[in-house]
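Please take a look at the chain shown here. The paragraphs below go through its charged contacts, its aromatic pairs and a few places in its loops.

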Amino acid sequence: ASAWGLPGTMTYDGQPVRQQISRYTYGEHFDSSKLRYLYMSKNWETGEFTCMSGCSFRAIGAGQSPRGTRNKNFRPDFILVDDIDTDEECRNPERIKTKWKWLEEALIPTMSVSGNYRILFNGNIIAPDCCIKRAIEKATELKAKGIGHVDIINIRGKDGLSVWPEKNSEEDIDLFLSLVSAAAAQKEFFN
């Protein structure tokens, strides 16, 4: 599921993120000259780097302090929250409450109030109360204001077929799902 993002999130060359990730991961039609804009940087630190184009990235873990994050005089304009929930934490509502409080009180306020900004949550709905469910609820609330968006993307669509056949063939999906219980498959691949 992804929430708080805008519909059709695009990469720098205007291609859908899913298609671009496929090309980066599998090398299909990939122009290696673009690597310098993605990976080469002037300044590397643990969990943080700045590309030659000036775009910077910072990786932090849940609960770590994001305060003071900036690139020169620019505050973040994009936050990607990826797989924020864990099975262990979801068994304890207080831990989910604490993590959600960190998102709202520490992480999101690192962004500039003015200008264009996006917050994108990627992850699975792994429990009745988890941060992804809360993000979906928030995005649904924001949709009424014209800014929220929610996409729930399963491994198979409503037609029962792979939503990304270029990467996941029906045979591969069937074989992989046969390795786990129906409950595990539902939790991980069908939200």
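The charged end of Lys-167 sits over the ring of Trp-164, at 5.8 Å from the ring centre. This contact, like the others described here, is read from a predicted model.

Next come the aromatic contacts. A pair of aromatic rings is described by the distance of the centres and the angle of the planes. The structure holds 2 aromatic pairs. In one of them, the ring centres of Trp-100 and Phe-121 are 6.0 Å apart and the planes stand at 35°, so the pair is tilted. An angle under 30 degrees would have counted as stacked and one over 60 as edge-to-face. Trp-100 belongs to helix α4 and Phe-121 to strand β6, so the contact ties together parts that are 21 residues apart in sequence. Trp-100 counts as buried, because its relative accessibility is 9% and the limit for buried is under 20%. Phe-121 is also buried, at 1% relative accessibility.

The rings of Phe-176 and Phe-189 have their centres 5.7 Å apart, and because their planes are at 90° the pair is edge-to-face. This pair links distant parts of the chain, with Phe-176 in helix α6 (residues 170-177) and Phe-189 in helix α7 (residues 182-189), 13 residues apart. Phe-176 is partly exposed, with a relative accessibility of 43%. Phe-176 also contributes to a nonpolar surface patch of about 290 Å², together with Leu-179 and Val-180. Leu-179 is found in the loop between α6 and α7. With a relative accessible area of 62%, Leu-179 is exposed, because the limit for exposed is over 50%.

Side chains of opposite charge can pair when their charged atoms come close. Glu-170 and Arg-156 meet through their side chains in a salt bridge, with 2.9 Å from N to O. Glu-170 is partly exposed at 23% relative accessibility, whereas Arg-156 counts as buried at 16%.

The count of salt bridges comes to 8. Among the residues involved, Glu-88, Glu-89, Arg-95 and Lys-99 are linked in a network. Which residues does Glu-89 meet there? One is Arg-95, with an N to O distance of 3.5 Å. Another is Lys-99, where the closest N and O atoms are 2.3 Å apart. Glu-89 is buried at 13% relative accessibility, and Lys-99 is buried at 9%. Arg-95 is partly exposed, with a relative accessible area of 35%.

Two loop residues remain. Asp-83 is found in the loop between β5 (78-82) and α3 (87-90). Its phi is near 50°, a positive value in a residue other than glycine. Gly-115 lies in the loop between α4 (93-107) and β6 (118-122). Is Gly-115 buried or exposed? Its relative accessible area is 57%, so Gly-115 is exposed. The C-alpha atoms of Gly-115 and Asp-77 are separated by 7.9 Å, although these residues are 38 residues apart along the chain.

Conventions:
Residues numbered from 1 in each chain as written. Predicted model: local features only at pLDDT ≥ 70, side-chain atom pairs only at ≥ 80, totals over all residues. Heavy atoms only, no water. Helix = DSSP H or I, 4+ residues; strand = E, 2+ residues; numbered from the N terminus. Buried < 20%, exposed > 50% of the residue type's maximum accessible area, 1.4 Å probe, protein only. Phe/Tyr/Trp six-rings, centres within 6.5 Å; stacked < 30°, edge-to-face > 60°. Lys NZ or Arg CZ within 6 Å of the ring centre and 35° of its normal. Patch = residues over 30% accessible without salt bridge, like charges linked within 9 Å, V, L, I, M, F, W, Y side chains within 5 Å. Areas by Shrake-Rupley, 256 points an atom, 1.4 Å probe, with all protein chains shown as cover. Salt bridge = Lys/Arg side-chain N within 4 Å of Asp/Glu carboxyl O.
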